[in-house]
Amino acid sequence: MDLNYSTKNIFPVPIHIFDVNGFDEIQNRLIDYAYNLREEDEGVCISNYGGWQSNSFCVENEDDVLHHFIINCLAGFPVIDETFNMKVSAWVNINKPGDYNIKHNHPTSDLAGVLWIKCPKDCGDIIFDSPTSFQSHNELKSYIDDFKNQNNLYHSYYFNPTEGRILVFPAHLNHRVQENKSNEDRISVSFNIRLNSGRMKRRGKVSIPRWNFNWSDKK
Ligand SMILES: [Fe+2]
């Protein structure tokens, strides 16, 4: 039979990738920041198995080296409509050799992200599950490899951690971090983003919380 065949992907899941040029100039300051924070914060246990995870903090202080870095990276998020603000909370992770993060998602957030600060070889990939991996199990299995690869049709997908790279992804997307099989620490910063269109002081697209709002700035 004479057939034309085509496909169109109608509900993709965007993973936003930011690479920070010149990251090595600030990397050591951020590494020191992580270890200094661990000295004063006993941390929490959420998705981390063995690793240290700081308490979360609102990203608001432009005089703080880590806050400033995150604000500057996200302020120019190129594909978020300018009427939306982002309210960002973050935490620092240090996974020692043998540590990992179990599967989780980020409830009550809209987007979630990770900044990779120190990632020795084999320190653990981040693995995302397809949101339809259960419902589409047999369908996904049935496709030929070329079709899967051309259309990113997988049950799960991994990214190697890369120093100076940020991933931002939908907060509902289940993910985990593999065991750190290097013999050094793996250091990252995770964050949550709430999107809103409220009237807040902004730096680019990042909201500074209302209690810091200086109404005299308003034009
Ligand atoms: Fe996460």
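**Entry 1: P97 and its surroundings**

I started at P97, which touches N180, S182 and N183 when residues up to four places away in sequence are left out. I call two residues in contact if their C-beta atoms, placed from the backbone, lie within 7 Å. P97 is found in the loop between β5 and β6. Helices (H or I, at least four residues) and strands (E, at least two) are DSSP runs, numbered from the N terminus.

Is P97 buried or partly exposed? P97 counts as partly exposed, because it has 17 C-beta neighbours inside 10 Å. My cut-offs are these: buried means 20 or more other C-beta atoms within 10 Å of a residue's own, exposed means 12 or fewer, and partly exposed is in between, with C-beta atoms placed from the backbone.

**Entry 2: what I am looking at**

A note to myself: this is a predicted model, in which local features need pLDDT of at least 70, side-chain atom pairs count only at pLDDT 80 or more, and totals for chains, interfaces and linings use all residues. Residues are numbered from 1 along each chain as its sequence is written.

I looked up the overall figures next. The chain has 4 helices and 14 strands, and its C-alpha trace spans about 70 × 50 × 30 Å along the principal axes. Of the 219 residues, 26% count as buried. Among contacts with a separation of 6 or more, 85% come from residues 24 or more positions apart.

**Entry 3: β12 and its partners**

I went to β12 (186-196). Here 8 of the 11 residues are buried, so β12 is largely enclosed by the rest of the structure. Which strands pair with β12? One is β5, joined to β12 by 11 bridges and running antiparallel; another is β7, which pairs with β12 in the antiparallel sense over 7 bridges. I count two strands as paired if DSSP finds at least two bridges between them.

N85 is buried because 22 other C-beta atoms lie within 10 Å. From N85 to D129, 44 residues apart along the chain, the C-alpha separation is 28 Å.

**Entry 4: the nonpolar core**

I define a nonpolar core as a set of buried Ala, Val, Leu, Ile, Met, Phe, Trp, Tyr and Cys residues joined through C-beta atoms within 7 Å. The largest one has 32 residues, and those touching the most other members are I70, V88, A90, L115, I117, V189 and F191. At least two residues of this core come from each of α1, α2, β5, β7, β10 and β12.

Beyond its neighbours within four places in sequence, I117 is in contact with Q27, L30, I31, A34, E163, I187, S188 and V189.

**Entry 5: α1 against α2**

How do the axes of α1 and α2 cross? The axes of helix α1 (residues 24-40) and helix α2 (residues 65-75) come within 10 Å and cross at roughly 125 degrees. That makes α1 oblique to α2. For the angle classes, under 35 degrees is roughly parallel, over 145 roughly antiparallel, 65 to 115 roughly perpendicular and the rest oblique. Axes are lines fitted to C-alpha atoms, for helices over the stretch in contact, with angles from 0 to 180 degrees between N-to-C directions.

I26, R29, L30 and Y33 of α1 meet V65, L66 and F69 of α2. I sorted these contact residues into 6 nonpolar, no polar and 1 charged.

**Entry 6: the open sheet**

I traced an open sheet of 5 strands, in the order β2-β6-β11-β8-β9 with antiparallel pairing. Its edge strands are β2 (48-49) and β9 (156-159), each pairing on one side only. Within the sheet, β6 (residues 100-104) and β11 (residues 175-177) run antiparallel and are joined by 2 bridges. H104 stands opposite H175 in β11.

**Entry 7: positive phi**

Most residues other than glycine have a negative phi. D122 has a positive phi of about 65 degrees without being a glycine, and lies in the loop between β7 and β8. D122 counts as partly exposed, because it has 16 C-beta neighbours inside 10 Å.

N152, also not a glycine, has a positive phi near 50 degrees. N152 lies in the loop between α4 (145-151) and β9, and counts as exposed because it has 12 C-beta neighbours inside 10 Å.

Conventions
Nonpolar A, V, L, I, M, F, W, Y, C, P; charged D, E, K, R; others polar.
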